[in-house]
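Subject: Handover of a structure and findings

Dear colleague,

Please find below the structure that I am handing over to you. My findings follow directly after it.

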Amino acid sequence: MTVDLSQLVKAYDVRGVVPDQWDEPLAELFGAAFVRVTGASAIVIGHDMRPSSPGLSGAFARGAAAQGVDVTEIGLCSTDQLYYASGALNLPGAMFTASHNPAQYNGIKLCRAGAAPVGQDTGLTEIRELVEGWAESGAPAPAATRGTVTRRDTLEDYAAHLRSLVDLTAIRPLKVVVDAGNGMGGHTVPTVFAGLPLTLVPMYFELDGTFPNHEANPLDPANLVDLQKRVREESADLGIAFDGDADRCFVVDEHGDPVSPSAITALVAARELARNGGKGVIIHNLITSWSVPEVVKENGGTPVRTRVGHSFIKAEMATSGAIFGGEHSAHYYFKDFWNADTGMLAALHVLAALGGQQGPLSGLVASYDRYTGSGEINSTVADQQDRLTAIRSAYEGQEGVTLDHLDGLTITTADWWFNVRPSNTEPLLRLNAEARDEATMAKVRDEVLAIIRA
């Protein structure tokens with residue numbers, strides 16, 4: 001029987017339903033394949049709070065150790081805590097999480113030593129091929145000497161490293177509501193925030209991979225409602241929401257209004273440039289706001305535009321020596337964090353910026369949030385390329401219109417732009433539009449949607 005893992009092994013990670021699509025015996029084979037492809041003599045493994053995570057990560061460790069590799073297990077952690085361990089210990093790493101996906105899902109995010117990403121073009125395809133072969137023919141022969149499996153707690157060291165990168169000791173006292181969504185933020189936030197001049201109002205800090213209160217996906221506005229209400233009730237200075245594995249953070253202001261991740265990107269970019277003498281490359285993907293490259297240039301930096309997706313951002317960070325990168329999906333990447341993404345460090349920057357002046361967050365971010373965006377709108381289509389061609393035909397040749405194909409199709413004028421890009425895994429087109437005012441944005445958005453959905 002041929003084993004096909006194409007639905008399990010994605011572009012950037014492994015992700016699927018447990019046990020329907022994968023289970024502990026398959027996780028053991030992934031462990032063996034990971035060490036074969038990386039050539040590692042030692043690795044580090046962490047996992048989130050999902051019910052299946054300890055068993056899957058333990059199986060992965062057995063598979064790796066059977067190949068003679070020493071394994072350090074750091075246990076419960078956020079994804080960026082695993083990246084910290086990979087960087088600080090200089091070891092390849094595996095994080096067991098399905099991020100914001102529902103409870104029945106689980107997955108693996110893989111990296112080489114120093115938190116360098118493993119994706120389709122950097123080892124994941126080879127890992128998949130090995131696992132498919134062994135699933136048919138049987139597990140690989142064990143090494144003559146089995147590797148060791150040891151436990152290590154990295155939470156305090158991770159928190160100390162983050163606090164060393166942002167000075168919050170002199171900020172004014174702030175009241176902050178944090179919604180962990182029953183995910184790993186409930187594990188990391190108390191230690192990272194300990195000793196800081198913050199009054200913490202915790203929401204859903206109990207680790208529960210069944211997500212009893214709401215999905216741990218703050219990108220969906222429905223999952224921010226509880227946080228927004230609590231911020232207003234508490235008269236808090238701001239609210240922060242983390243996704244399931246706590247590598248992304250979302251911010252709401254003192255009114256409970258969401259702060260655009262593009263505005264956060266611009267704010268953090270300005271701070272990172274100030275730390276680096278007003279010089280440096282800042283990465284932003286092509287669906288971030290016009291505000292981002294404008295703020296970067298105003299603060300002496302060089303903006304570099306990339307495709308959407310963390311593998312592209314991380315590759316460009318390494319190539320260009322960028323000091324910071326941000327995506328509109330609320331992933332934030334830092335040179336001082338091995339070019340990896342950490343929502344927690346972005347959150348500390350927001351707290352430092354807010355606490356370093358007297359005004360409210362809404363006023364602070366206003367200068368970084370200059371345009372009106374549609375947010376990402378997904379449409380199911382029968383033929384992605386046909387609709388992209390139709391959009392191009394509708395706009396191509398018009399005066400003042402420019403087109404580019406860096407990632408899907410981007411059409412830009414002096415007053416608005418939009419990007420339409422196909423999903424790699426579903427029959428979807430994703431639209432993002434932005435304009436100088438709400439009416440123009442709505443007009444452009446509706447025109448493009450009419451073509452997509454025709």
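In this predicted model, Glu132 touches Val3, Asp4, Leu5 and Ser6, leaving aside residues up to four places away in sequence. Glu132 belongs to helix 4, which covers residues 124-137. With a relative accessibility of 14%, Glu132 counts as buried. A network of salt bridges links Glu132 with Asp4 and Arg128, and Asp4 is also one of the residues that Glu132 touches.

Salt bridges

The count of salt bridges comes to 25. Three further pairs may be of use to you.

Glu233 and Lys229 meet through their side chains in a salt bridge, at 2.8 Å from N to O. These two residues are four apart in helix 7 (residues 225-234), and are therefore separated by about one helical turn. Lys229 has a relative accessible area of 49% and is partly exposed.

In helix 8 (residues 261-275), Glu272 and Arg275 are three residues apart, again about one turn of the helix. Their salt bridge has its closest N and O atoms 2.9 Å apart. Glu272 is buried, at 2% relative accessible area, whereas Arg275 is partly exposed, at 43%.

The pair of Asp407 and Arg307 forms a salt bridge in which the closest N and O atoms are 4.0 Å apart. Asp407 is located in the loop between strand 19 (402-404) and strand 20 (409-412), while Arg307 is in the loop between strand 14 and helix 10 (310-320), so the pair ties together parts that are 100 residues apart in sequence. Asp407 is buried, with a relative accessible area of 8%; Arg307, at 32%, is partly exposed.

Strand 13 (residues 281-285) and strand 14 run parallel and are joined by five bridges. Within this pairing, Ile283 of strand 13 stands opposite Val304 in strand 14.

Aromatic pairs

The structure holds 13 aromatic pairs. Among them is the pair of Phe324 and Tyr332, which is stacked, with 6.5 Å from centre to centre and 10 degrees between the planes. Phe324 and Tyr332 are both buried.

Phe324 also pairs with Phe334: the ring centres are 5.0 Å apart and the planes stand at 50 degrees, so this pair is tilted. Because Phe324 lies in strand 15 (residues 324-326) and Phe334 in strand 16, the pair ties together parts that are ten residues apart in sequence. Phe334, like Phe324, is buried.

Elsewhere, ring pairs link Trp22, Phe30, Phe34, Phe60 and Phe96 into a cluster.

Cysteines

How many disulfides does the count come to? The count is zero. A disulfide is a covalent bond between the sulfur atoms of two cysteines. Two cysteines illustrate the result.

Cys77 is in no disulfide, and the nearest cysteine sulfur, which belongs to Cys111, is 11 Å away. A disulfide requires the sulfur atoms to be within 2.5 Å. Cys77 is buried, its relative accessible area being 0%.

Cys249 is likewise in no disulfide; for this residue the nearest cysteine sulfur is that of Cys77, 18 Å away. At a relative accessibility of 2%, Cys249 counts as buried.

The network of Asp4, Arg128 and Glu132 is one of them. Another is Phe324, which forms a stacked pair with Tyr332 and a tilted pair with Phe334.

With kind regards

How values were computed
Residues are numbered from 1 along each chain as its sequence is written. This is a predicted model: local features need pLDDT of at least 70, side-chain atom pairs count only at pLDDT 80 or more; totals for chains, interfaces and linings use all residues. Side-chain values use heavy atoms; hydrogens and water are left out. Buried means under 20% relative accessible area, exposed over 50%, partly exposed in between (1.4 Å probe, protein chains only). Contact means heavy atoms within 4.5 Å. Two strands pair if DSSP finds at least two bridges between them. Rings of Phe, Tyr and Trp (its six-membered ring) pair if their centres lie within 6.5 Å; planes under 30 degrees apart count as stacked, over 60 as edge-to-face and the rest as tilted.
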